[in-house]
Amino acid sequence: MTRSDLVEELANRFSQLTHRDAEFAVKAILDAMNDALVRGHRIEIRGFGSFSINRRPPRMGRNPRSGESVAIPEKRVPHFKPGKALREAVDQRTAELESHPKG
């Protein structure tokens, strides 16, 4: 699902929202999540999952073309951990799809 798919779904589900309002709502939510993660905060959405920042320590890598060692600096990367309800829903839906093959 892309961002525009999400906007489309929101506009379709809530008829009182115009497409422009749905687009603004999605942008506002994603911007707020982005800002929170940049500040190092954790985001938890019950029943869906949590977003946090993981630290990757500095390490030595290798340039695949020349074979020389390269120092890779420390990085902070976003991490998503699905919640129990989401994991169970995906697992159940996947099992249903596998037990009813098409054709």
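I count a residue as buried under 20% relative accessible area, exposed over 50% and partly exposed in between, with a 1.4 Å probe and protein chains only. I keep that scale at hand for Arg42, which is exposed at a relative accessible area of 52%.

**Ground rules.** The model is predicted, so I look at local features only at pLDDT of at least 70 and at side-chain atom pairs only at pLDDT 80 or more, while totals for chains, interfaces and linings use all residues. Residues are numbered from 1 along each chain as its sequence is written, and side-chain values use heavy atoms, with hydrogens and water left out.

**Entry 1, helix α2.** My helices (H or I, at least four residues) and strands (E, at least two) are DSSP runs, numbered from the N terminus. I looked up the span of α2 first. Its 20 residues reach 28 Å from first C-alpha to last, close to the 28 Å expected at 1.5 Å a residue; the expected span is 1.5 Å times one less than the number of residues.

Which residues of α2 are buried? I find Ala22, Val26, Met33, Ala36 and Leu37. They cover an arc of only 105° around the axis, so they sit on the same side of α2. The arc is taken from the directions that run from the helix axis to the C-beta atoms. On the other side of α2, I note that Arg20, Phe24 and Val38 are exposed.

What do the buried residues of α2 pack against? My list reads α1 (3-13), β1, β2 and β5 (75-82). Contact here means heavy atoms within 4.5 Å. Just after α2, I marked Gly40 for its positive phi of about 90°.

I moved to Leu10, found in helix α1. Leu10 is partly exposed, at a relative accessible area of 23%. Not counting residues up to four places away in sequence, Leu10 touches Leu17, Ala22, Ala25 and Val26. Two of those names, Ala22 and Val26, I had already written down among the buried residues of α2. For Leu10 and Ala25, I noted 15 residues of separation in sequence and 9.1 Å in space, C-alpha to C-alpha.

How many salt bridges does the structure hold? I get six, each being a side-chain nitrogen of Lys or Arg within 4 Å of a carboxyl oxygen of Asp or Glu.

One of them joins Lys27 to Asp31, with the closest N and O atoms 2.7 Å apart. Both residues lie in helix α2 (residues 19-38), four residues apart, which is about one turn of the helix. Lys27 is partly exposed at 41% relative accessible area, and Asp31 is partly exposed at 32%.

I then followed Arg42, which forms a salt bridge with Glu44, the closest N and O atoms being 2.9 Å apart. Glu44 also meets Arg46 through their side chains in a salt bridge, at 3.0 Å from N to O. Glu44 counts as partly exposed at 42% relative accessibility, and Arg46 is exposed at 74%.

Is Ser52 buried or exposed? I have it as buried, with a relative accessible area of 17%. Ser52 lies in strand β2 (residues 49-56). Leaving aside neighbours within four places in sequence, Ser52 is in contact with Leu37, Arg42, Val77, Pro78 and His79.

Which residues make the nonpolar surface patch of about 230 Å²? They are Ile45, Phe48 and Phe80. Patches take residues with over 30% relative accessible area and no salt bridge, joining like charges within 9 Å and nonpolar side chains (Val, Leu, Ile, Met, Phe, Trp, Tyr) within 5 Å. Areas come from the Shrake-Rupley method with a 1.4 Å probe, and for residues only the protein chains shown count as cover.

Ile45 lies in strand β1 (residues 43-45) and is partly exposed at 36% relative accessible area. Phe48 is found in the loop between β1 and β2, and is partly exposed at 37%. Beyond its neighbours within four places in sequence, Phe48 is in contact with Phe80, Pro82, Gly83 and Leu86. I also noted that the C-alpha atoms of Phe48 and Gly83 are separated by 5.0 Å, although these residues are 35 apart along the chain.
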